[in-house]
Amino acid sequence: MAETSGRRGIESCVKPQVAQLRPYSPGKPISEVQRELGLTDVIKLASNENPFGPAPRVVEAIRAALPELALYPDAGAVELRTKLAGQLGVTIDHLSMGNGSDELLQLIGYAVLDEGDELVIGDPTFARYEPQATLNRARAVKVPLRDMTHDVEALAAACGPRTKAIFLANPHNPAGTFNPDAEVEWLCDNVPEHVLVVLDEAYYEFVDQPDHGRSQAIALARPNVLILRTFSKVHALAALRVGYALARPELIRWIEQVREPFNVNSLAQVAALAALDDTEHVTMALAANASGRERLYAGCAQLGLRTVPSQANFVLIEVGEREAALYQGLLRRGVIVRGCTPLGFPGYLRITVGTPEQVERCLEALGAALGD
């Protein structure tokens, strides 16, 4: 049998860069913890999901759409893009829909990254950024955070002739920190014109800082800036995977050219359409998140633990060498959180802001685990 690059058999047909990838490791599902530990009452505060679930009208819309499951979805999500465009004050040509914003990250990689190119990212940052460079035989240029926040001056300085894109999560995941619009605008104005700036705004709606809300204007005023947002977080549609890209039409066309048809399923489109109408549910979830963050700050302070101020729906808690022990201690008490060593922040736990009852239970369990 012939050999390929020193590899034998079926392995020789797999791209070498695939071996460099590490599968994404999500938070433990509730069912797994129940099965492993014999628990019946488990709460999950590990994956930054909306604890209140989708709005009632979203559930009703999904039920009404079930008889049409035999039909392919609208390949271009035209109705959803039209409604979303109307709310954002743009045209449908400014939008592309994705199977979650994760798929859109992958499509951007396909469209702009090639062998030998560079992708500039923070270090650490969201785990799905670097694989887009690896898959396309490009190189990830990692720029250390400053005070757990993106250093926009260092990001701009890291750009060179082979840089094709910058991926910037704002608010940052997993830190929850935030770069105000003035810093984002400075970055967009100080990168080479051949560099695409991708503003990943999965947690955009949770920000309550004054210099916030201009990113759309920043993007649409420039030919090289693209925004990603999602219905997974504030709209609580994580299971249905629907996100969108917002940019000038000449950028959106790149994504459309590499996007698979029918990439956003029918139930996701129906749910997102209904979610856009239910502003009261969003307002309630945002208010509860803001108060829940404050309660986590205060409760952790009472336990002697430092927290990182967050502009997202989760809080990073410094626990030092006790990270693994506290993670397990919380797990035994039916509270799933996220240990942050795999996320690039050893010595920290990331806790999603739950309902008021879940926040209190988490703090009680954390106090008990500290005494183990």
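**Strands, a helix and their definitions**

Me: What makes β9 and β10 a pair?
Reply: β9 and strand β10 (residues 314–318) are joined in the antiparallel sense over three bridges, and two strands pair if DSSP finds at least two bridges between them, so the term applies. Strands here are DSSP runs (E, at least two residues) and helices likewise (H or I, at least four), numbered from the N terminus. Across this pair, R306 stands opposite E318 in β10.

Reply: A word on the basis: this is a predicted model, in which local features need pLDDT of at least 70 and side-chain atom pairs count only at pLDDT 80 or more, while totals for chains, interfaces and linings use all residues. Residues are numbered from 1 along each chain as its sequence is written, and side-chain values use heavy atoms, with hydrogens and water left out.

Me: Why are β9 and β12 called edge strands?
Reply: In the open sheet, ordered β9-β10-β13-β12 with antiparallel pairing, β9 (306–308) and β12 (338–339) each pair on one side only.

Me: Which residues of α13 are called buried?
Reply: Buried means under 20% relative accessible area, exposed over 50%, and partly exposed in between (1.4 Å probe, protein chains only); the buried residues of α13 are Q358, V359, C362, L363, A365, L366 and A369. The face turned away from the buried side carries the exposed E357 and E364.
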